[in-house]
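Visitor: I'm new to this one. Can you put it up and walk me through it?
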Amino acid sequence: MTVRGAPLIGIVAAYGVALGAKEIMASKARCTPADINHICLGLQETRPTAVNLTWALERMKAVFNAHKEVPNIVDVLTNEAISIHVEDVENNRMLSLYGAELIDDGDTILTHCNAGALATGGYGTALGVIRAAHESGKKIRVIATETRPYMQGARLTVWELIQEGIDVELIPDNHVGFISSNKGFSKVIVGADRVALNGDTANKIGTYMIALCAHKHQIPLYVAAPVSTFDRYIKNGAYIPIEERDGREVKYLHGKLLTVRDVKACYYSFDVTPARYITHFITEKGVIERPFKKYIKMLFS
Ligand code: MRU
C-alpha cells in the first residue's frame, strides 16, 4: 500500500519484473523463464483484486519469452514497463475526454476512494473525468467520501482536487444515503479494480452501498476504467477475488487505537457492484452503454 490503485499497481509490478531481472542478471548473468515466473508469482500475491496486476505481469512475461535470448533483456523489460506507464497516462487522458461529455455544467459529483493521478500512471480515471470537465470550463462541485479505513478519499482525492482548484467537500462514508435522498449530488463517478464480462464491477469497499443509494434516487453512476481493468476471462462478479485485509487496519488509525484492543475486526478491501446499478462505463475506447456483455466483449477485439 505504498502505491495503490489498480492501474498503478500494474505499472509498478511491471517495473518490479524489470528490477527483478536486473538483480538476477547481476548475480548469474542469465535470466530464465523460471526466474521470471518466480518474480511474477511474488508480485501477483500482493493484491488479489486489481486485475491490472495480472494484466501487466502477463504482458511482461510475454515480452520476456519473446526476447529471452537477447543480452540486453533488462533494457527490453524496462522499456516495456515504461510503455505500460506511458500508455496508461494516454488512456486516462482519452477516457477523461469521453467522460467529460457526460458531465453537465453545475453538476455535483460524488466520488469514492481515490481514482486519480495517485492511483494511476498519471491524470487519473474517475478524477481524470472530473479534471477534464473542469479544464473544459464546466462549473462542477465534488463530494469525496473519506473511504475508511485507509482514508484514500480524505488523504488523496481531496488533496488532488484542491491542487487543481476544484471545489471539493469531504464526507464520512455513512453520509451517502442521507445526501443522496436529498439529491445532494447529481452524478457518481468511481474507478474500478476489475470489471467482469457482464459488467459486474469490483471497486473500493463501499461502492456497492453508494450504487444502491444512487439507484434508489435515480442518480447516474459511471465507472471510469481503462481496458486493462476489464477481465476477459470471468463472466460475472461472483468470480472476482475479494482482498481481505488485517482487521488492525480498522481498529487503529495512524497508530491510534480507536476501539477495544482485542475486539475482532473485519476488513474487506473491495466489493462488487452488479452491472444493473451501473449507468455507463467510460474507457479510452469510448463510453460503453448497454448491453454491456456485447460492448465489453468488443473491447478485446
Ligand atoms: O486499496 P486501493 O487503494 O488500491 O483501492 C483502489 C480503488 O479501489 C480504486 O478505486 C481503483 O483501484 C481504481 S484506481 C484508478
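Visitor: At what angle do helix 2 and helix 3 pack?
Guide: This is a predicted model, to begin with. In it, helix 2 (residues 33–44) packs with helix 3 (residues 51–67) at about 170°. Their axes lie 11 Å apart.
Visitor: Which residues of helix 2 and helix 3 make the contact?
Guide: Helix 2 brings Pro33, Ile36, Asn37, Cys40, Leu43 and Gln44. Helix 3 brings Leu53, Thr54, Leu57, Lys61, Phe64 and Asn65. Seven of the residues in this contact are nonpolar, four are polar and one is charged.
Visitor: How many bridges join strand 1 to strand 4?
Guide: Two, and the strands run parallel. Strand 1 covers residues 108–111. Leu110 sits opposite Val188 of strand 4.
Visitor: Let's go back to helix 4. Is Leu95 buried or exposed?
Guide: Leu95 is buried, with a relative accessible area of 0%. Leu95 belongs to helix 4 (residues 73–100). Beyond its sequence neighbours within four places, Leu95 is in contact with Thr125, Val129, Ala224, Ala225, Pro226, Ile282, Thr283 and Glu284.
Visitor: How far apart in space are Leu95 and Ala126?
Guide: They are 9.2 Å apart, C-alpha to C-alpha, and 31 residues apart in sequence.
Visitor: What about Ala18, where does it lie?
Guide: Ala18 lies in helix 1 (residues 6–28). Ala18 is buried too, at 4% relative accessible area. Leaving out residues up to four places away in sequence, Ala18 touches Val74, Leu77 and Thr78.
Visitor: Now the core. How many residues has the largest nonpolar core?
Guide: It has 28. Leu110, Phe185, Val188, Phe230, Phe281 and Ile296 have the most contacts inside it. The elements giving two or more residues are helix 7 (176–181), strand 4 (187–190), helix 8 (207–216), strand 7 (221–224) and helix 10 (292–299). Helix 8 gives the most, with four residues.
Visitor: What does Phe230 touch?
Guide: Not counting residues up to four places away in sequence, Phe230 touches Val51, Val195, Ala225, Phe281, Thr283, Ile288, Ile296, Leu299 and Phe300. Apart from this core lies another, of 27 residues, including Val63, Phe64, Val74 and Ile84.
Visitor: Last thing. In the hairpin of strand 5 and strand 6, which residue takes a positive phi?
Guide: Gly199, with phi near 100°. Five residues lie between the strands. Strand 5 (residues 194–195) and strand 6 (residues 201–204) run antiparallel, joined by two bridges. Arg194 stands opposite Ala202 of strand 6.
Visitor: How many bridges pair strand 6 with strand 10?
Guide: Four, in the antiparallel sense. In strand 10, Val272 is the bridge partner of Ala202.

Terms used. Residues numbered from 1 in each chain as written. Predicted model: local features only at pLDDT ≥ 70, side-chain atom pairs only at ≥ 80, totals over all residues. Heavy atoms only, no water. Core = buried A, V, L, I, M, F, W, Y, C linked by side-chain atoms within 4.5 Å. Buried < 20%, exposed > 50% of the residue type's maximum accessible area, 1.4 Å probe, protein only. Contact = heavy atoms within 4.5 Å. Axes fitted to C-alpha atoms, helices over the stretch in contact; angles between N-to-C directions. Nonpolar A, V, L, I, M, F, W, Y, C, P; charged D, E, K, R; others polar. Pairing = 2+ DSSP bridges.
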